[in-house]
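Hi everyone, thanks for coming. Let me put today's model on the screen, and then I'll walk you through it.

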Amino acid sequence: MMTLDDYLLPQRLHKGGVELARYWSHFLSEEQADQLLGRCRNLHWQQPRVRVFGKEHLIPRQQCWLGEPGCQYRYSGTLLDPEPLSPWLDALMLSVSQHCGVRYNTVLANRYRDGGDKMGWHSDNEPEMGAEPQVAILSLGAARPLQLRCGEGQQQEFVMPHGSLLQLLPEAQRRCKHQLPARAAVHGERISLTFRRITPGYWSRG
Ligand SMILES: O=C(O)CCC(=O)C(=O)O
Ligand SMILES: [Fe+2]
């Protein structure tokens, strides 16, 4: 049975005395999460091409970059200007910011159309994210595991159901990598909203 604490208090993931992540399994109610998923389907989804080892290919998912003015994001050699935040997304960003104690200012939305779409091992430590990279991932739709691998240690897996929130702390970006692997058995769509704090104007400074 769910208790009040399950709704309000995060589970905390530590490793060697260092806190890496916080997880709220029921950040949104089923109803709120359904409504949000419907809205997110109407974002301006893009599937850019990237160059890996000299070969061009489409990224294996769709994405949309949104945020406050001046928050450019460098992706595979190109600068992306943010789409403006609609009032509902701005309000959601404020609520996520209050929960996490971080003032997020941008969102990279990812759309995994089915279990074939994925994201490989990486950390979110681009220079525009500053010395303390802060990311919080809100999951909608099909549950997919996010895997976290820290050094030689064992891999952790967060299954992330509809409406759950995972805050990755700066130490998780420094010490670990994460990925969203393909899952052939999953036929439904998943959308993640990854709230980020970036340095406004980082790429436009002379
Ligand atoms: O979709 C996810 O849960 C992971 C996304 C992610 O790692 C990212 O956008 O950097
Ligand atoms: Fe990431």
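How far apart do the end C-alpha atoms of residues 103-199 lie, and how much of the span is helix and how much strand? The ends lie 11 Å apart, and the span is 6% helix and 44% strand.

Some housekeeping. This is a predicted model, where local features need pLDDT of at least 70 and side-chain atom pairs count only at pLDDT 80 or more, while totals for chains, interfaces and linings use all residues. Residues are numbered from 1 along each chain as its sequence is written, and chains are lettered from A and ligands numbered from 1 in the order in which they are written.

On confidence, pLDDT is the predictor's score for each residue, from 0 to 100; the protein averages 93, and 96% of the residues score at least 70. For the complex, the predictor gives an ipTM of 0.99 and a pTM of 0.95.

Now the overall fold. The protein has four helices and 15 strands, meaning DSSP runs numbered from the N terminus: H or I over at least four residues for helices, E over at least two for strands. With a radius of gyration of 16 Å, close to the 17 Å that the globule rule gives for 206 residues, the protein is as compact as a globular protein of that length. That radius is taken over C-alpha atoms, and the rule is 2.2 Å times the number of residues to the power 0.38.

On to the sheets. Seven strands make an open, antiparallel sheet in the order S1-S2-S13-S10-S15-S8-S5; to count as paired, two strands need at least two DSSP bridges between them. At the edges, S1 (11-15) and S5 (62-67) each pair on one side only. Inside this sheet, S8 and S15 are joined by seven antiparallel bridges, and Asn-110 has Ser-192 in S15 as its bridge partner.

A second open sheet has four strands, ordered S9-S14-S11-S12 and paired antiparallel. S9 (119-122) and S12 (155-158) each have a single partner strand, so one side of each is left without a neighbour in the sheet. Four bridges join S11 to S12, and Leu-146 stands opposite Phe-158.

Finally, which strands each supply at least two residues of the shell around ligand 1? They are S8 (106-112), S14 (176-180) and S15 (190-196). The shell, with C-beta atoms placed from the backbone within 6 Å of the ligand, includes Asn-110, Ser-192, Leu-146, Asp-124 and His-178. Its residues divide into five nonpolar, four polar and one charged. Here Ala, Val, Leu, Ile, Met, Phe, Trp, Tyr, Cys and Pro count as nonpolar, Asp, Glu, Lys and Arg as charged, and the others, Gly among them, as polar.
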